[in-house]
Amino acid sequence: MAAKPSTAAEKALQKIQDQVTCGICLEPYKQPRLLKCFHVYCEQCLQRLVRGGREGQSLPCPQCRQDTPLPVGGVPGLQGAFYIHYLFDIQDALKKVSSSDQTMCNKCKKFEAVCFCRTCGFACQRCKEIHQDWDELKTHEFIDLDTLTGDVTTLVPPLKKTLFCATHPSKKAKLYCETCDELICRDCIVRVHRDHQYDLVPESFAKQEKVIVDSLKPVEEQIATLERAVESVDTQSAAVVEQKTAVVAEIRTAMAHLRQALEARETELVGQAEQTAQQKLKTLAAQRDGFELQLGQLRSCQDFVEESRRTCSQGEILRMKSPLVKQVIDLTGSFKPETLALAEQADMVFAHSLPELVKTCQQFGKVYCHPVCPEKCRASGEGIKVATRGQTVAVSVEALDREGEAYLRPVDSLRCELVASDGSSRVRGTVKRRNQNIYDISYQPQVTGEHQLHILIEEHPILNSPFTVTVLPNFTAPANIIGDLNAPYGIAVREGGEVVVAERDSHCISIISGNGEKKSFGTLGSGPGQFDHPEGVAIGNGGNILVADYGNHRITAVVVHWQPLRTV
């Protein structure tokens, strides 16, 4: 007799039991209805949720809260979860397999079943052999009960429920109209579906199944994406726990060092108090000894005189009077009251700023959970506006988080690149961390003219990046570029880096290009194109040169091609 696979069947039965139980009433499904979110509940349970289930209402899913619009007819009009009946059939089969009673053959009903035919149901050994002998039955699939696993769907063939036509309820729906996307009967093709594309259900299913499978591809892709997202969340959660452990250990270490420092300072301060007190007590003890010595001498003098008066005769007292008085005067004459001032005072105090220290300790340290925010980070310094060719320029970058507070941890990447407007030059800057959230950037431009300074943190531009930087010529070398100027009195820089100079004593205006070429315009006089000791120049709209003509008491505007524009 075949052994019962009770353990596997019982586990599968429990799984099926969960799948056929309504999540609202916790009982087996009765008229299961499918919501838009693909969750299933009893029709009566859903009716109670919407208080009648009228058309036009939205039904929120009790599990995921997604709304399902109610169709015509309300809740009863929702699509039925037909596969639930299939699960009930599987459940019945599993109950037979897991039962301690014998499972009888569905065909002959005489012998115990040893296998399961996915078409005929449970079969005994004799009926199984008949299947193998008959050509019509050889295609049936068998599952030995001895080798049953958790794949419980193999116990029951796919649901083969007889479906009837919606238009002609008494007629079987054996055809599928591809034009209308619905099941029909033979009577339907006579009138409504005569010119439509239709075919038998098996043939149509072979074609439409691919549509169904293809529609699941986005679902599979999204499932894979969400599974990766869940995995990322789990990984990040584990990282947060690991990071929390490390941060807590770092906090405890820092606080331990702080406590050690406070305890060491306590020991040091107590030692200072002890040493100061000992020194004061030593000084006061020495002073007291001196006072006691003087007091003893005075008391001895007092006792001697009092005893002499009490015991000696008047003659004897008079005889010693002169030396006695002299000794008393000598003794009292050496007494100095100012020496009685205390050499030490009880003036020892503990000077501290305890409230400030307590506040500092209360604010000591900070646990950050905000990453660096490139859009909040700021750059400062002349290097974001102007630079000189061949000279190193400095820029400071302040790293901030998205709350606008200092980001104290090192940034993963910070890079700087100076790009000429025509792309002819690219210069990478060097970065050095000055302190916790301040970084120093330096670069050395190679050509003059307009440039774009790109500063990126973690490959994202910081606030206001890229910056427009004007690179000026380096006039320090060679010297002959500016050596032939005659009393240069005013200077301005035109777009492109050209330098405009007012030569006062030559009564002209000169332009020096980036490569040192010089062009001059003007002679002494008051006419057009003439100047009298020009002392200032400026660049106006369109690149026009404004000249402060000192001797002629006027301002002349000169266009780019050296023609006087107007005189004021």
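Q: Let's start with one side chain in this predicted model: which residues does leucine 453 touch, leaving out those up to four places away in sequence?
A: Leucine 453 touches Gly383, Ile384, Val395, Cys416, Glu417, Leu418, Tyr443, Ser465, Pro466, Phe467 and Val469.

Q: How should I read such a set of contacts, and which residues have the most contacts inside the largest nonpolar core?
A: The general idea is that nonpolar side chains tend to be buried together in soluble globular proteins. Here, the largest nonpolar core has 25 residues, and Val397, Tyr443, Leu453 and Ile455 have the most contacts inside it.

Q: Which strands each supply at least two residues of this core?
A: They are strand 13 (393-398), strand 14 (414-420), strand 17 (438-443), strand 18 (449-457) and strand 20 (467-472).

Q: What does the second, separate core include?
A: That core has 22 residues, among them Val50, Ile84, Leu87 and Phe88.

Q: Now to sheets. What is the strand order in the open sheet of three strands?
A: In general, strands of a sheet pair through backbone hydrogen bonds, in either a parallel or an antiparallel way. In this sheet the order is 6-5-7 and the pairing is antiparallel. Strand 6 (121-123) and strand 7 (142-144) are the edge strands, each pairing on one side only. On average, neighbouring strands are turned by 30° against each other, direction ignored.

Q: Over how many bridges do strand 5 and strand 7 pair?
A: Strand 5 (residues 115-117) pairs with strand 7 over three bridges, in the antiparallel sense. Look for cysteine 117, which stands opposite phenylalanine 142 of strand 7.

Q: Which helix lies across strand 5, strand 6 and strand 7?
A: That is helix 4 (residues 125-133), which runs at about 145° to strand 7.

Key. Residues numbered from 1 in each chain as written. Predicted model: local features only at pLDDT ≥ 70, side-chain atom pairs only at ≥ 80, totals over all residues. Heavy atoms only, no water. Pairing = 2+ DSSP bridges. Helix = DSSP H or I, 4+ residues; strand = E, 2+ residues; numbered from the N terminus. Axes fitted to C-alpha atoms, helices over the stretch in contact; angles between N-to-C directions. Contact = heavy atoms within 4.5 Å. Core = buried A, V, L, I, M, F, W, Y, C linked by side-chain atoms within 4.5 Å. Buried < 20%, exposed > 50% of the residue type's maximum accessible area, 1.4 Å probe, protein only.
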